[in-house]
Amino acid sequence: MRVVIAEDQALLRDGLQRLFEDSGHTVVAAVDDADRLRGAVSEHEPDLAVVDVRMPPTHTDEGIRAARWIRDAHPDVGVLVLSQHVEAAGAVGLVSQGGFGYLLKDRVLDVGEFVEAALRVARGGSALDPQVVSSLVGGDATDGLAVLTEREREVLSLMAEGLTNVGIARRLVLTERTVEGHVRSVLMKLDLPAGEDAHRRVLAVIAYLRAAEIQR
Amino acid sequence: MRLPWIVASGISILLVAAAVLDAVSGRSTGLAAAVAWGVATFVSVGLGLLVATRRRGNPIGWLLLANSGVLAVVGFAESYARYGLLGHPGSLPGAAWAVVVVDRAWPLIFVGVTAIGWLFPDGRLPSPRWRPWALAAALSFAGLVVCTVLEATPFGDPFADVPRPLPDVSDGIIGVPLAVCALGSIGAIVGAAAAVRTRLQRSSGIERQQLRWLAYAAALVPVAVAICLLEVAVTGDDGPIALAFGIVALTAVPIAVAIAILRYRLYEIDRLINRTLVYAVLTAALAAVFAAISLGVGVAVGSGSTLATAAATLAVALLFGPLRARVQLLVDRRFDRARYAGLQAVQRFLEELRAGRAAPEGTGEMLAEALGDPALELRFRLDGDVEVDAAGRVLEGPDPPGRMRTPVRRGGLPLATVVHDPSLAERPDVLDSTIGAAGLAIEIARLRVEVRRQLAEVEASRARIVTAGYEERRRLERDLHDGAQQRLVSIGLALRHLQHQVPDPAPLDAVVVEVASAIEELRELARGVRPAGLDDGLGHALRELARRSRLKTRVDATDERFEDQVETAAYFVASEALANAAKHARAGSVAIAATRRNGSLVVQVRDDGIGGAAPSEGSGLAGITDRIAALGGSVSVTSPPGEGTVIVAELPCGS
């Protein structure tokens, strides 16, 4: 996998670069602001761009805006946005389009899961941080989810994080068949289209949660 | 340039010479008149010299000098004639001619004053149309002098026996021209009065004040003359009263003219006229009362009684105060409408003020009305030479064009400035007395404006402090996220990298887990300082807050954006209320609403708990209430026992 990294803090940028290289991937460019990111993406057409949300000059949402630009200008490049905290507002909307990930920065410490999520995004899948998902699914507020069992809700959350059936099975230590059953049940109960395409299924789940979120 | 001095010196020499002649001849009759004449001439010379040297282009100075010159010549001629004909007969040449001057040149005495009337104050006729009449007047005077000199009638006392040094001209020849010239001369004097009147009618500003001086003096002359004649009639001779009022009659016009030209602001002519009227009427009224009572009591208890005089004096003394006030009011009402109306308006306003029906801030409008200048402004002067209006707004920049400033002082301190129409300065007495009467109201208004401004200043600074506090929170949150937290992530990554290079990577896992939980704690800390979600708006942050709450929480919040400090304050109200609901109220569910209503952001948090919460309870909410108040808002807590708690915060947020 060929990766472009955009992160303004040198230490963290180097750390990310080493992380990808240790996992056997190629970092084709590591830059420190949004403009250089645009240039690097245009130049290298990587599989994945890892983007920090806050970058110079204003340190507010440069990363999110650059991510949108990449989605429009280079739809084949996966974008993984890293944030210091949960800023769900812009992120969920982007994730529901596919080829996009939104993770808290400290997820990088769990190298295995992080690289897996990065690969998923590079292949056109999605990755949504568990904290974002739990804030979408969590609480009693999302009344529509009351019809689900505890286990089904767990499965729904992992679907929202972007995991495939295999991934879910591995995470929950279940057989793939059992997971398939739960997934079918969830989709039926929430009246979502049951397709074979895992990506589209995830997107449907996120779109559902997002709609519920907006109604609140 | 030296000419005025030379003329004045010549006149002075004549005066001194006349006095010396009188002293040498031992003159005894008509001495009072002679002294009055001398004093008047001296005053007139001095004033003429003053005006002629200070105002070179203005012929009025020369007219005054000419006038005093005539007086001096006539006075000297009399002394000369008395010495040469009565004291030491035959000792002086041409003494008979001096008698001609004394006895027959009298029309010249009126020429100077008449000319001043025609030409005052700028030395020009009121208009070119007056020119032929001025010429006729001059010719009349000249003709009159020629006729009186040639007239065959014998000289008057004390020179009745002196033979005329001129050939006699018969009455048949001189009668008609004499009558015509005399009439013309009277016409010239009437014309002078008419000129003053015409100018007074169409004048304004300085010229009007100058003319008022002249008119005042002119009105004084006949009164003074009448008093002189009264003394002569009563006592049979001219005494000290005739002397004093003779001087007044002869010097009133020159003095008034000099003041008008040189220092028209020296005294307030209007107040002078006003006071003269008041005291004239007062004196007459009190004299009448005195006469009536002493006469009445005298008839009752016998004339010559001291009782009558005492009673009359007592009555006059008692009457003086109230009568003076009444007469003043009467004179003001009749002759000084502006002053009367202005003071009445101020008086009414002060009564309203005392009764609490008017606010001191209305003083400016009241003055505008009282002085009849709708555009009049009252500007309060605060410390640091700042000028503000009644609403406390700072007034900067130049005054409106064509306005005039009059400072208001009390106890030497500048209180305010009245910016008014320049025409009001024509009546400085009205302006000053009206402003003076309103002084207390102005002072109260100024104090109130000052206090209000200071309060506003304190409120603004409190709001700034709170805003700065929120700003500080935002900075702190940034620092935590972008500084410490990032660094910890880097350390974690470095550790992970290290794991690839050591033979036994397992022990490092525990360290990385520690780092991860440190990051998590830091994130929680930063959220407490200021939730990053506020960057995306209040509605967003509140929904985020609800999601994290243990309680079933519904949010109905506008997605509208407000100023940062408003959003932050509103967020912390909701956050604190939610925490209280979870901690103390044993609530099951909470509803948070945030809407804009009437220029305010209204945040309402309602729980279904046990209620009974006191507003002071929980210092968290108290501190937040203070901060909301600092931003001009308010917080109310309604918490009846058993019915849940409703907390409503209102924050002004512009329109």
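The crossing of α8(A) and α9(A) is right-handed, a crossing being left-handed if the near helix is turned anticlockwise from the far one by less than a right angle and right-handed if clockwise. These elements belong to a predicted model, in which local features need pLDDT of at least 70, side-chain atom pairs count only at pLDDT 80 or more, and totals for chains, interfaces and linings use all residues. Residues are numbered from 1 along each chain as its sequence is written, while chains are lettered from A and ligands numbered from 1 in the order in which they are written.

The axes of α8 (residues 165-172) and α9 (residues 176-189) of chain A come within 9 Å and cross at roughly 110°; axes are lines fitted to C-alpha atoms, for helices over the stretch in contact, and angles run from 0 to 180 degrees between N-to-C directions. Helix α8(A) is therefore roughly perpendicular to α9(A), the term covering angles of 65 to 115 degrees. Helices (H or I, at least four residues) and strands (E, at least two) are DSSP runs, numbered from the N terminus. On the α8(A) side, the contact is made by Asn165(A), Val166(A), Ile168(A) and Ala169(A), and on the α9(A) side by Glu176(A), Val179(A), Glu180(A) and Val183(A). Contact requires C-beta atoms, placed from the backbone, to lie within 7 Å.

Chain A also contains an open sheet of six strands in the order β2-β1-β3-β4-β5-β6, with parallel pairing; strands pair if DSSP finds at least two bridges between them. Because β2 (26-31) and β6 (126-128) of chain A stand at the edges, each with a single partner strand, one side of each is left without a neighbour in the sheet. The twist averages 20° from one strand to the next. Strand β1(A) (residues 2-6) is joined to β2(A) by five bridges, and Arg2(A) has Thr26(A) as its bridge partner in β2(A). Helix α3(A) (residues 62-73) packs on the sheet, touching β1, β3, β4 and β5 of chain A, and its direction makes about 175° with that of β4(A).

Chain B has 19 helices and nine strands. Of its 655 residues, 35% count as buried, that is, with 20 or more other C-beta atoms within 10 Å of their own. Between the chains, 31 residues of chain B are in contact with 26 residues of chain A. The largest share of this side of chain B, twelve residues, comes from α15(B).

Technical notes. Two residues are in contact if their C-beta atoms, placed from the backbone, lie within 7 Å. A residue is buried if 20 or more other C-beta atoms lie within 10 Å of its own, exposed if 12 or fewer, and partly exposed in between; C-beta atoms are placed from the backbone. Angles under 35 degrees count as roughly parallel, over 145 as roughly antiparallel, 65 to 115 as roughly perpendicular and the rest as oblique.
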